[in-house]
Amino acid sequence: MDFFILMLGFPLVSGLLLTVFGERAWAPNLNIVASLGTFLASALLTVEIVAYGPRFAFGEMFFIDSLNVFFVSLTAFVGLTTSIFSSPYMKNEQEHGRLSIPRLRLYKSMFQLFMFTMLSALTTNNLGVLWVAMEAATLTTVLLVSLYRTPASLEAAWKYFILCGVGIAQALFGTILLYFAAERVLGETGNALLWTHLVEVKGQLEPTIMALSFIFLLVGYGTKVGLAPLHNWLPDAHAEGPTPVSAVLSGLLLNVALYAILRCKVLADGAIPGGFAGNLMMGFGLFTLVTAAFFLSRQKDIKRMFAYSSIEHMGIVTFAFGMGGAVANFAGLLHMTMHSLTKSAIFFAVGHATQKTGTQLMEDIRGLIKINPVIGWGLMLGTLAILGMPPFGVFASEFMILTHAMKYHPWATPILLTALGVAFAAIFGKVQPMVFGETHAKPLPHAPAITPVFVHLSIVLMIGLYIPPYLTRWFHEAARMLG
């Protein structure tokens, strides 16, 4: 049985079915079952790739190796837990009159189609198809961000569409330049955008054209990563869209966009001497980290605050991959994993907290530990994890990035430490009274699905204490592929 076809088939077919039958009583269960099928297929595909090596699918159109199968597994897992969280969350939104049944149908269908576009972007071998899949992911999430149809959500969706549309146009121009450079070497054979062919001749690509191409690709896909100063859409989209959408935006979409940059960086490193691509990524990463850290202290909306936290961590990861080398690449992959799991867990807890209190303003959210101790502790532990407190996995990845920077780029160490300290103080100072303050909030009509929060945090804690050898070998192989 071809697990790759099943992995793409589950979200595509279920998304089309939910478009037609999304108002039926069994639709939420179909959303969960389809996500479970996608995850199981991705897990089996991962076992196959690790055991037997890379493989193609549909000729050379799709290519799965140790790098992208890692992202595929993570994407499918977070998609599954988000679908489980979504069921009671969306019922509560319907009970509060914020969503109608047709909009719930739109949510479920677009969620599955969004998963399909991300998995397609991760596994395609054609950089042109990668661009198309990223654009399709943008269109599906625009509909998800605007789900509430309030003036604020429509404005956020419009800003997201315009800024990411401009960004993806830059990525298209970068892709065209890459094709122009590759066609001179590969000829008019139709292989000039296939990554497996490009990586074989990367040393023969014209350096000047590749430099221009990478700049446009970094700016274009960097817009979707949330790199400053291209990040303005991200806080609004998180704040105004449903919380499950915030979870997949932070936990998944940012990773997929950064994966696209990493594939292009491998080509640029082979064509351009002197670490041009890495230096650009280090610069963007540090600027993003510092910008987000100092914006955190000004936030009043809890989802906006954690959106800026996502921008901060994408800056850290971009800086790590910019440094390059086995240790930095390993740390970057580990940090992406830890951030995806931790941040989605935080948004799960935040979603139930805002439903219980009826507001997203942090000054009005108090006493979560008394309203529902499980939600309160989930938010507190998730916050400590994302702030890099030991023994959570984020601490391990940040420690590796910092020590590597101290050795090879000591000038960056004070900037990293200052930004991380400012972010820690801003987030912890705001979350602590939300968890332990006084409150008079009422219970929810439907019990929250809090299990995904602690499943994610348990994995983050386990990896912080002990990384299984199987996972270590996987990370090493993926890091080696990045150079």
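**Contacts in a predicted model**

Reader: Which residue forms a salt bridge with E477?

Author: The model is predicted. In the salt bridge of E477, the closest N and O atoms are 2.5 Å apart. The partner is R480.

Reader: Is R480 buried or exposed?

Author: The cut-off for exposed is over 50% relative accessible area. R480 has a relative accessible area of 54%, while E477, with 29%, is partly exposed. R480 is therefore exposed.

Reader: Which residue meets D65 in a salt bridge, and where does that residue lie?

Author: The N to O distance in this salt bridge of D65 is 3.1 Å. D65 lies in the loop between β2 (62–64) and α3, and the partner is 198 residues away in sequence, so the pair ties together separate parts of the chain. The partner is R263, in helix α10.

Reader: How many residues apart in sequence are the parts that D236 and K159 tie together?

Author: The side chains of D236 and K159 meet in a salt bridge of 2.5 Å, N to O. D236 lies in helix α9 (residues 233–240) and K159 in helix α6 (residues 151–186), so the pair ties together parts that are 77 residues apart in sequence.

Reader: Is D236 buried or exposed?

Author: Buried means under 20% relative accessible area. K159 is at 28% and counts as partly exposed. D236 has a relative accessible area of 14%, so D236 is buried.

Reader: Which residues are linked with R55 in a network of salt bridges?

Author: The structure has eight salt bridges by the rule used here. In the network that includes R55, the other members are D2 and E48.

Reader: Is the pair of F39 and F77 stacked, edge-to-face or tilted?

Author: A pair of aromatic rings is described by the distance of the centres and the angle of the planes. Planes under 30 degrees apart count as stacked, over 60 as edge-to-face and the rest as tilted. The ring centres of F39 and F77 are 5.7 Å apart and the planes are at 55°, so the pair is tilted.

Reader: Where do F39 and F77 lie?

Author: At 23% relative accessibility F39 counts as partly exposed, and F77, at 17%, counts as buried. The pair links distant parts of the chain, 38 residues apart. F39 is in helix α2 (residues 27–52) and F77 in helix α3 (residues 66–95).

Reader: Which residues do ring pairs link into a cluster?

Author: The structure holds 22 aromatic pairs. The cluster is made up of F70, F71, Y259, F330, W474 and F475.

Reader: Which residues are in contact with L379, leaving aside its neighbours within four places in sequence?

Author: L379 is itself one of the core residues that touch the most other members. Its contacts beyond those neighbours are I302, F306, I346, A349, V350, L368, V431 and V435.

Reader: Which residues does I450 touch, not counting residues up to four places away in sequence?

Author: I450 lies in the loop between α17 (413–436) and α18 (451–465). At 14% relative accessibility, I450 counts as buried. I450 touches H352, V374 and I375.

Reader: Which residues make the nonpolar surface patch of about 600 Å²?

Author: One of its members, V13, is found in helix α1 (residues 3–21). V13 is partly exposed, with a relative accessible area of 47%. The patch is made by L12, V13, L16, L17, V20, F21 and W26.

Reader: What is the omega of the peptide bond from A228 to P229?

Author: P229 is in the loop between α8 (207–225) and α9. The bond from A228 to P229 is cis, with omega near 5°.

Technical notes
Residues are numbered from 1 along each chain as its sequence is written. This is a predicted model: local features need pLDDT of at least 70, side-chain atom pairs count only at pLDDT 80 or more; totals for chains, interfaces and linings use all residues. Side-chain values use heavy atoms; hydrogens and water are left out. A nonpolar core is a set of buried Ala, Val, Leu, Ile, Met, Phe, Trp, Tyr and Cys residues joined through side-chain atoms within 4.5 Å. Buried means under 20% relative accessible area, exposed over 50%, partly exposed in between (1.4 Å probe, protein chains only). Contact means heavy atoms within 4.5 Å. Patches are made of residues with over 30% relative accessible area and no salt bridge: like charges are joined within 9 Å, nonpolar side chains (Val, Leu, Ile, Met, Phe, Trp, Tyr) within 5 Å. Accessible areas come from the Shrake-Rupley method with a 1.4 Å probe; for residues, only the protein chains shown count as cover. A salt bridge is a side-chain nitrogen of Lys or Arg within 4 Å of a carboxyl oxygen of Asp or Glu. Helices (H or I, at least four residues) and strands (E, at least two) are DSSP runs, numbered from the N terminus. Rings of Phe, Tyr and Trp (its six-membered ring) pair if their centres lie within 6.5 Å; planes under 30 degrees apart count as stacked, over 60 as edge-to-face and the rest as tilted.
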